[in-house]
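Me: I have a structure open and want to go through some of its packing with you. Can you take my questions as they come?

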Amino acid sequence: MVRMTITANAAVAHAARLARVALVPGFPITPQTTIIEQISEFINDGEMDAEFIPAESEHSVMSVAIGASAGGVRTFTATSSQGLALMYEMLFAAAPSRLPIVMVNANRSVGAASGIWTEHNDSLPVREAGWLQAYVEDGQEALDATLQAFRIAEDARVRLPVMVCMDGFILTHTVEAVDVPERAEVDRFLPRFDTTNTLVPSDPMVMSPIVPPEFAMEMRYQQDRAMQASLEVIKEVDEEFAGLFGRRYGGLFEEYRMEDAEYAMIGLGTWVGAAREVVDQLRAEGRKAGLIKLRFVRPFPATELREALKDMKAVGVFERSASFNGFGPLYTELRSAMYGTDVPITDHFGGIGGRDITVPDVREMYEVVERRSRGERVNECTWHGLRGEQG
Amino acid sequence: MTSVRSPVAGLRNVSREDMLVHGHGACPGCGYAVTARNIAKVLGPQTVVYVPASCLTVFSATYPKSAWRIPFLYTAFENTGAIITGLKAAYRRRGIEANVVGMAGDGGSFDIGLQALSGAAERNEDVIYVCLDNEAYMNTGIQRSSATPFGAWTTTTPAGLEIQGNRRFKKDLAAIVAQHDVPYVATLSVAHFTDFVKKVEKAKSMSGFRFLHCLTPCIPGWRIEPSRGVSIDRLAVETGMWTLYEVEHGVPRVTYRPRKMLPVTEYLGLQGRFKHISEEDVRTLQSWLCRKWKAHYGEEVEEPPCVIARKDEGLGHDGDPLHGL
């Protein structure tokens, strides 16, 4: 293990190197670009035995990744925002073809009003593409989650692609201390790429043919079962990872000061850092606040979350992605998971378009949730840090 | 037409073993099926094929059946150049010898797939890219592509009261690919079979990016009789609508030259897709062809006399696949 002072982008490039990735197609897009730059340097310096394919678009990046994974090699790529949007079609080809591609998505706002700053409205809208989606809190977790992603994706019970999402700039360009494992340590965690069910001339097979309605439904069902199976695999892999590297992330989600909590918030990404701070403040004041850091949006750990939150007097959901005319995507997911309980849920938008989320902002969110937990009437849906009046 | 007089000359080494076997669902006389079958046959069992959205995918690989004896992959429409890049890279990494071939249509190569094709060509990927060109989006029901010839009827260039047929000339895709400075570009026709086989064999023997552009008649799309595909392909060459050449490491070479230019009406008259064509459009097309002939063969050609003589009276098939034969 070596402690390095690096960005999360460099950390995931190290993860790809340590995972013995054989092929990396890539196309530049801010704030992902330094990942493929770092990987190109590793390759050209002889530190990584892989090929970098400079594809001419993100659509082609995902197509090259699909070809390579179908041809039987461990494949990694990274993208962001508009790039992910351009890949959209091919995301839906990778998953049913059961190709264990791992991709890092540097979360960035997509579409107009154009910005390059963090927002989750690039990755959350593609949560139905059949990929697992993990979100990380810091550079160390970016590296660790990427290593875990290969194990989860390639597990015979899963065989699905995994997207590791991390907040643009806040993580991608922020230098932190990151423990980078030795290759031998990673080799003990990650076996060689399993080449069964890959396309080779010695064993001809048709992959992704046209599938009529008589059969397509069963294939979708198999995808559904694989996604369901990944819930357990994620937990197992996190435990094994903890045994080897001494770091654990709670599997599907991490509970922070939830033991005797009366109300809690749940959210994704770097927001969690500020939320931990706020929970500590509230606890110091004798208020029973808790926090759930959600790691996986797909599979969505509905049963586990329901169990963790069923005794709360109120739960607040943090969203860095808007659903227009209503609640955010995570609220909708959680509300469905909590159906039948009488736990009140409030929705909190913040950090949209990359706006900073400060500790006072998160404190304001928690205050709303706490008031709701006391039975007070509050807005079910609040935009925090908005300039001007909220209608 | 000396090159077709002895159809077996030069074909002795071609395997008798098909990689795309019978029993698939192509229309009788389908140019795609004949071309894909013979290319796969020459490439042999150490081959992996990618086919984007096209008739070929539908008729050869609809679950649970497949007519392929080699590995087959399909995912989308516009990514042939990229998928074959990834496949070949995987085999390179694994030390597996395989011809990686993409077989895309004209829409999948000229239009929606042009970017991925250009990317793979520019990177000089070690793959064979086959464009099976039937001059329109046939799989979706005969819509115009940038490969559709001037004047041709398609469902999106109908013969209307004001505008009749496609108003643009066919894009020269092989020239565009050749401009990427790739090792091999060749144009093929099933009517010139020895030439066809030689070019596929040459492509197989080389490495780097190889592009085979094949004119493949479409029975319902061209509104032709199922038995006429090969004769029409031959007339395409004799009239200059299609030219046979190769560009090897940047050096162009004509592989077959007609003795004299036949009037384009010889070609048009056999096809229902040109049934509506006006005399003015015939003249326009003929002069365009004469300019193309000169550019291609390097000599002026006298404009042959065009007479619209219908030769398709009493066709056994109206061209609509739903009407049967």
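Me: How do the axes of α8(A) and α11(A) cross, and within what distance?
Reply: In this predicted model, the axes of helix α8 (residues 271–284) of chain A and helix α11 (residues 359–373) of chain A come within 9 Å and cross at roughly 60 degrees. Axes here are lines fitted to C-alpha atoms, for helices over the stretch in contact, with angles from 0 to 180 degrees between N-to-C directions. The angle makes α8(A) oblique to α11(A) (under 35 degrees is roughly parallel, over 145 roughly antiparallel, 65 to 115 roughly perpendicular, the rest oblique).

Me: Which residues meet there?
Reply: From α8(A), A:Ala274, A:Ala275, A:Glu277, A:Val278, A:Gln281 and A:Leu282 meet A:Val359, A:Val362, A:Arg363 and A:Tyr366 of α11(A). Contact means C-beta atoms, placed from the backbone, within 7 Å. The classes are 7 nonpolar, 1 polar and 2 charged.

Me: Now the other pair. How do α5(A) and α7(A) cross?
Reply: Helix α5 (residues 139–154) of chain A and helix α7 (residues 213–245) of chain A have axes that come within 10 Å and cross at roughly 130 degrees. That makes α5(A) oblique to α7(A).

Me: And what touches what?
Reply: A:Asp144, A:Gln148, A:Arg151 and A:Ile152 of α5(A) meet A:Ser230, A:Val233, A:Ile234, A:Val237, A:Asp238 and A:Phe241 of α7(A). That contact divides into 5 nonpolar, 2 polar and 3 charged residues.

Me: Numbering and confidence rules?
Reply: Residues are numbered from 1 along each chain as its sequence is written, and chains are lettered from A and ligands numbered from 1 in the order written. Local features need pLDDT of at least 70 and side-chain atom pairs 80 or more, while totals for chains, interfaces and linings use all residues.

Me: Zooming out, how much of chain A is buried?
Reply: Buried residues are 53% of the 391 in chain A (buried means 20 or more other C-beta atoms within 10 Å of the residue's own, exposed 12 or fewer, partly exposed in between, with C-beta atoms placed from the backbone).

Me: What are its spans?
Reply: The C-alpha trace of chain A spans about 70 × 55 × 45 Å along its principal axes.

Conventions
Helices (H or I, at least four residues) and strands (E, at least two) are DSSP runs, numbered from the N terminus. Two residues are in contact if their C-beta atoms, placed from the backbone, lie within 7 Å. Ala, Val, Leu, Ile, Met, Phe, Trp, Tyr, Cys and Pro count as nonpolar, Asp, Glu, Lys and Arg as charged, and the others, Gly among them, as polar.
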